[in-house]
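Visitor: I would like to learn how to read a structure of this kind, feature by feature. Could we begin with the structure itself?

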Amino acid sequence: MRQAGRALPEYRRIRERHDLLAITHQPELCAEVTLQPLRRLGVDAAILFADIMTPLIAIGLDVRIVEHAGPVLEQPVRTEADLARLRPLEPDQDVPFVLETIRLVRQQLSPESALIGFAGAPFTLASYLVEGRASRTFEQTKRLMYSRPDLWDRLMSRLADVVATYLAAQARAGAQVLQLFDSWVGCLSPADYCRHVQPYSRGIFQSLQAHDVPTIHFGTDTGWLLAPMAEAGGSTIGVDWRVPLDAAWAAIGPERGIQGNLDPLTLLGPWPAVEEAARRVLDQAGGRPGHIFNLGHGLHPETPLDNLERLVELVHEIEPVRP
Ligand code: CP3
């Protein structure tokens with residue numbers, strides 16, 4: 001989740017002087033920002049500092065990351081002609097700064113900690129490209145999906161290709177886990193997910209098998225999509241708080257891991273409420289191996305640090321990390 005940007009004063013200090021994309025272009029600074037949450041909070045893994053739009057900006061799309069809004073494109077991708085703007089990614093030329101950041105983080109990371117690389121999933125990326133910005137209703141995205149399935153297929157295929165190439169390069173550079181963020185896929189019906197999204201995400205997970213790294217497949221509001229998302233792939237499935245962890249685990253099957261699923265806004269409440277909610281998540285996981293304790297989505301910027309620190313301590317106390 002967007003852990004670093006949200007609550008850490010040391011991150012905010014760096015952000016006063018550098019915008020988000022500038023940080024990602026400076027591997028030493030970017031490695032430092034990637035490691036900040038681990039140093040401050042003692043979490044077990046670091047997530048690469050980048051944005052889901054990073055590989056798309058790298059192939060030439062004009063995307064700005066706007067504070068409080070997220071990614072914005074002046075020229076959305078909606079027509080046949082627009083597709084030409086999506087060329088294949090050549091990681092060594094296009095995202096050398098990401099690969100260098102990964103190498104630098106790995107040099108500094110202790111053997112008990114892991115570095116998670118990540119990418120946006122084709123649907124979630126497509127939603128930003130087609131809408132031009134964040135959306136609640138995904139009207140333009142769905143309009144394209146329903147009215148031009150041929151164009152949709154070409155858009156999704158190109159994005160899947162960029163994402164698979166990008167993630168494979170991250171694994172080669174040293175990322176030990178790869179997470180695919182399909183954050184907004186919960187706006188779809190199961191039938192539309194299976195027809196218009198699942199094949200492309202499945203292709204990405206299939207291509208990653210050659211790299212032999214564990215993968216996490218994350219979405220929000222995915223209650224009815226959990227089984228088809230698991231079918232698409234991911235050794236672990238990430239879930240938000242709208243579904244009880246035990247029910248989600250039953251839906252994806254015991255052979256998968258599960259990641260989640262504390263509501264990040266519980267952290268705005270008093271500590272006893274945080275503790276109760278965290279204990280509920282752990283109870284539902286029932287001590288079974290394969291649970292990665294995490295928030296169900298990104299951190300609120302005003303999250304009290306104290307709650308975060310105590311949460312990490314509590315989880316470690318109840319569920320010591322097993323090798
Ligand atoms: O935890 C981390 O900081 C790791 C790096 C990371 C960022 N974005 C940096 C960032 C990760 C893993 C992401 C993923 C991401 N970006 C997703 C998928 C996960 C999710 O939250 O659903 C999505 C949908 C995006 C697109 C995006 N970028 C959004 C929605 C926003 C938030 C806009 C806002 O200010 O509310 C961004 C900006 C962004 N990306 C920030 C960070 C740290 C915000 C803070 C800042 O500008 O410094």
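Visitor: Leaving aside its neighbours within four places in sequence, which residues is Ser-201 in contact with?

Guide: Before the answer, note that this is a predicted model, in which local features need pLDDT of at least 70, side-chain atom pairs count only at pLDDT 80 or more, and totals for chains, interfaces and linings use all residues. Residues are numbered from 1 along each chain as its sequence is written, and side-chain values use heavy atoms, with hydrogens and water left out. Contact means heavy atoms within 4.5 Å; with neighbours within four places in sequence set aside, Ser-201 is in contact with Pro-122, Leu-180, Asp-182, His-217 and Ala-232.

Visitor: Where does Ser-201 lie, and is Ser-201 buried or exposed?

Guide: Helices (H or I, at least four residues) and strands (E, at least two) are DSSP runs, numbered from the N terminus, and Ser-201 belongs to helix 13 (residues 198–208). For accessibility, buried means under 20% relative accessible area, exposed over 50%, and partly exposed in between (1.4 Å probe, protein chains only); Ser-201, at 0%, is therefore buried. Its C-alpha atom is separated by 9.9 Å from that of Leu-159, which is 42 residues away along the chain.

Visitor: How should I read the length of helix 11?

Guide: The expected span of a helix is 1.5 Å times one less than its number of residues. Helix 11 (residues 149–173) has 25 residues, and the 36 Å from its first C-alpha to its last is close to the 36 Å expected. Just after helix 11 comes Gly-174, which takes a positive phi of about 125°.

Visitor: Which strands pair with strand 4, and in which sense?

Guide: Two strands pair if DSSP finds at least two bridges between them. Strand 1 (residues 45–47) runs parallel to strand 4 and is joined to it by three bridges, with Ile-47 having Ile-116 of strand 4 as its bridge partner. Strand 5 (residues 177–182) also pairs with strand 4 in the parallel sense, over five bridges, and here Gly-117 has Leu-178 of strand 5 as its bridge partner. Strand 4 (residues 114–120) has six of its seven residues buried, so it is largely enclosed by the rest of the structure.

Visitor: Where do Arg-279 and Glu-275 lie?

Guide: Both lie in helix 16 (residues 271–285), four residues apart, about one turn of the helix. Arg-279 is partly exposed at 37% relative accessibility, and Glu-275 is partly exposed at 23%. Elsewhere, salt bridges that share partners join Glu-80, Arg-148, Asp-150 and Arg-154 into one network.

Terms used. A salt bridge is a side-chain nitrogen of Lys or Arg within 4 Å of a carboxyl oxygen of Asp or Glu.
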